[in-house]
Amino acid sequence: MDDLRSPSAVTALSRATQWIPEYLDFDEYRALAVKAIWALGKLPGEDVESKLQALALSDNPILKKNALNRLERRAANLNH
């Protein structure tokens, strides 16, 4: 699946971090948003970095924690 990474997915994944479908209204752990954040973190580009930085400033602790995690991992990968 990693060969399917496409920068054109950034907008859709970013929107998925904010969207709570009715059928997932019960999900306090925001599983869809977390998966979208992890997928974003695997994409290249400065646009991704800015989306993750914005999520790292979120009032939602789950979004914030996962965005910070992805930013840290991206930074670690750059240093290798």
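This is a predicted model: local features need pLDDT of at least 70, side-chain atom pairs count only at pLDDT 80 or more; totals for chains, interfaces and linings use all residues.
Let me start with Leu57, which at 68% relative accessibility counts as exposed, where exposed means over 50% relative accessible area, buried means under 20%, and partly exposed lies in between, all with a 1.4 Å probe and protein chains only. Leu57 sits in the loop between H3 and H4, and its C-alpha atom is separated by 25 Å from that of Glu22, a residue 35 places away along the chain.

Residues are numbered from 1 along each chain as its sequence is written, and side-chain values use heavy atoms, with hydrogens and water left out.

Now to the overall picture. The chain has four helices and zero strands, so that you know what is counted, helices are DSSP runs of H or I with at least four residues, strands are runs of E with at least two, and both are numbered from the N terminus. The C-alpha trace spans about 40 × 25 × 20 Å along its principal axes. For 80 residues, a compact globule would have a radius of gyration near 12 Å, and the chain, at 12 Å, agrees with that; the radius is taken over C-alpha atoms, and the globule rule is 2.2 Å times the number of residues to the power 0.38. Of these 80 residues, 34% count as buried.

Let us look inside. The largest nonpolar core has 15 residues, of which Leu40, Leu43, Val48, Leu52 and Leu55 touch the most other members; such a core is a set of buried Ala, Val, Leu, Ile, Met, Phe, Trp, Tyr and Cys residues joined through side-chain atoms within 4.5 Å. Two or more residues of this core come from each of H1, H2, H3 and H4.

Which residues of H3 are buried? They are Val48, Leu52, Leu55 and Ala56, and, seen down the axis of H3, they fall within an arc of 105°, so they line one face of the helix, the arc being that of the directions from the helix axis to the C-beta atoms. An α-helix has 3.6 residues a turn, so residues three or four places apart point the same way. The buried residues of H3 pack against helix H1 (10–16), helix H2 (31–41) and H4. Leu55, leaving aside residues up to four places away in sequence, touches Thr17, Gln18, Ile37, Leu40, Leu63, Lys64 and Ala67, where contact means heavy atoms within 4.5 Å.

Next, the charged residues. A search of the whole structure finds one salt bridge, a term for a side-chain nitrogen of Lys or Arg within 4 Å of a carboxyl oxygen of Asp or Glu. The side chains of Arg74 and Glu49 meet in it, at 2.8 Å from N to O, and the pair links distant parts of the chain, since Arg74 is in helix H4 and Glu49 in helix H3 (residues 46–56), 25 residues apart. Arg74 is buried, with a relative accessible area of 13%, whereas Glu49 is partly exposed, at 26%.

Finally, Arg70 also lies in helix H4, which covers residues 61–78. Is Arg70 buried or exposed? Arg70 is buried, with a relative accessible area of 6%, and, again not counting residues up to four places away in sequence, Arg70 touches Ile37, Trp38, Gly41, Lys42 and Leu52.
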